[in-house]
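Here is a short report on one protein model. Follow along with the sequence and the 3D view.

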Amino acid sequence: MNTIQAYERPNGDIGIRNHLLIIPTVICSNQVSNRIMQMVPDTVAIPHQHGCSQIGADKERTFNMLAGTGKNPNVGGVIIISLGCEVVDPAALAAEIRKTGKPVEMFDIQSVGGSVKAITHGIEIARKMKTQLDGMPKVSVPISKLKVGVKCGGSDATSGLASNPALGSASDILIGQGGGIVIGETTEIIGAEHVLAERCTTPEMKNRMFEIVDRFEKEVERMGSDMRGGNPSPGNIAGGLSTIEEKSLGCISKCGTAPINGIIEYAEAIPESGLYFMDSPGNDIECVSGMAAGGAHIVCFTTGRGTPTGAAVLPVIKITGNQRMYEQMSDNMDVDVSGMLSGELSLEQAGIAIWQEIVEVANGKLTKAEILGHQEFSINRIGPSL
């Protein structure tokens, strides 16, 4: 299959979902945003704890995360709700998102007259915008426009043996079709960064791969801490992973065998085709949120221990190679490739199974996380609060 059914955006992007996104610019407008979401079905809010008492690169990161999430192609329209006195500039945020050509509305709680009036005002705007979005048709678009993030969390021994390499096989299929793959988790390539570095297409990129790992390790040293005990996590260790190197070698197999075309910053826009590495934390929600802000349409998430989390504006496909966990957490899991360990599935067959799920989800099939209403969102911070 070379095409999928999706929404065309004014800037040429395609979206596989058509969300009306409500963005609070600051923690102070979270409650108003959440109330509007509750009153207008099928809208999505992204409450967070930031937006004020931030400076420099830390403030810019929050702005870029909010702007990138609003610009995500799965978002059809945006409502920005500010308090009116925070450091994140709502007008600048609206202007940045409007570059995509999608409709953006904004207001601040102080000017409208407080929470109750702001909620009423926001509901009115949301209902009108939602009616417009609901009338948008889907069209046939090339599958080569699809961008997929690959992530792992709650890993165990079956992750490196089955689900991660199976996802790598599916990644190769998408790249072969002209699509894009992004892998992140800088903290979870430590000990295997030399393997990824050899796949970089330029010497400068290879050096950059080593630099970002070195920077993180020095930051841990500056804190007077040790990664051991935190990574691998207690759950990883209980699941059979003994060292960060062992975990990392399994982690990097998710992205297949293609050369790495570029290294991008956290929440930076993901190019359309080929394999890219995003310098991002290993924390599940922060990493996936960064991929969403970068423009990913879907995230494929492998797990051996099990995790229920999803994402605010994109579907998260849960994949496991642990049959017992798949049965215990069937509410949350989408694809079971445990047959690789029993000899019932080859690597190629498991990769095709994941690829078929990606295509179905791109065409509108809801993931388990979407059905359950998981809309997690989190911003990775750089600096201290003032």
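Helix 8 lies across strand 10 and strand 11. Its direction makes an angle of about 45° with strand 10. Lying across involves contact, meaning heavy atoms within 4.5 Å. Axes are lines fitted to C-alpha atoms, for helices over the stretch in contact, and angles run from 0 to 180 degrees between N-to-C directions. Helices (H or I, at least four residues) and strands (E, at least two) are DSSP runs, numbered from the N terminus.

This is a predicted model, where local features need pLDDT of at least 70, side-chain atom pairs count only at pLDDT 80 or more, and totals for chains, interfaces and linings use all residues. Residues are numbered from 1 along each chain as its sequence is written, and side-chain values use heavy atoms, with hydrogens and water left out.

**The sheets**

Helix 11 lies across strand 8, strand 9, strand 11, strand 12 and strand 13. Helix 11 runs at about 170° to strand 8.

In what order do the seven strands of the open sheet come? The order is 10-11-9-8-12-13-14, and the pairing is parallel. Two strands pair if DSSP finds at least two bridges between them. Strand 10 and strand 14 stand at the edges. Each has a single partner strand, so one side of each is left without a neighbour in the sheet. Strand 14 pairs with strand 13 in the parallel sense, over two bridges. Look for Thr 320: its bridge partner in strand 14 is Asp 336.

Another open sheet has three strands, in the order 2-1-7. Here the pairing is antiparallel. Strand 2 and strand 7 stand at the edges, each with a single partner strand, so one side of each has no neighbour in the sheet. Four bridges join strand 1 to strand 7. Thr 3 has Pro 142 in strand 7 as its bridge partner.

**Salt bridges**

How many salt bridges does a search of the whole structure find? It finds 18. A salt bridge is a side-chain nitrogen of Lys or Arg within 4 Å of a carboxyl oxygen of Asp or Glu.

| Pair | N to O distance |
|---|---|
| Glu 96 and Lys 99 | 2.9 Å |
| Arg 215 and Asp 279 | 2.3 Å |
| Glu 219 and Arg 222 | 2.6 Å |

Take Arg 215 and Asp 279, which meet in a salt bridge. This pair links distant parts of the chain, 64 residues apart. Arg 215 sits in helix 8, while Asp 279 is in the loop between strand 11 and helix 11. Arg 215 is partly exposed, at 46% relative accessible area. Asp 279 counts as buried, at 11%. Buried means under 20% relative accessible area, exposed over 50%, and partly exposed in between (1.4 Å probe, protein chains only).

Glu 219 and Arg 222 are three residues apart in helix 8, so about one helical turn separates them. An α-helix has 3.6 residues a turn, so residues three or four places apart point the same way. Glu 219 is partly exposed at 33%, and Arg 222 is exposed at 61%. Lys 99, from the pair with Glu 96, is exposed, with a relative accessible area of 61%.

Salt bridges can also join up. Lys 151, Glu 185, Lys 254 and Asp 284 are linked in a network of them.

**Helix 6**

Helix 6 covers residues 157-176, 20 residues in total. Its first and last C-alpha atoms are 29 Å apart, close to the expected 28 Å. The expected span is 1.5 Å times one less than the number of residues.

Where does helix 6 bend? It bends at Ser 163, by about 30°, and Pro 165 follows within four residues. The bend at a residue is the angle between axes fitted to the seven residues ending there and the seven starting there. Helix 6 is mostly covered, with 14 of its 20 residues buried. Just after helix 6, Gly 178 takes a positive phi of about 95°.

**Positive phi without glycine**

Most residues other than glycine have a negative phi. Asp 42 has a positive phi of about 65°, although it is not a glycine. Asp 42 lies in the loop between helix 1 and strand 4, and is exposed at 60% relative accessibility.

Ala 267 is not a glycine, but has a positive phi of about 75°. Its place is in the loop between strand 10 and strand 11. Is Ala 267 buried or exposed? Ala 267 is buried, at 11% relative accessible area.
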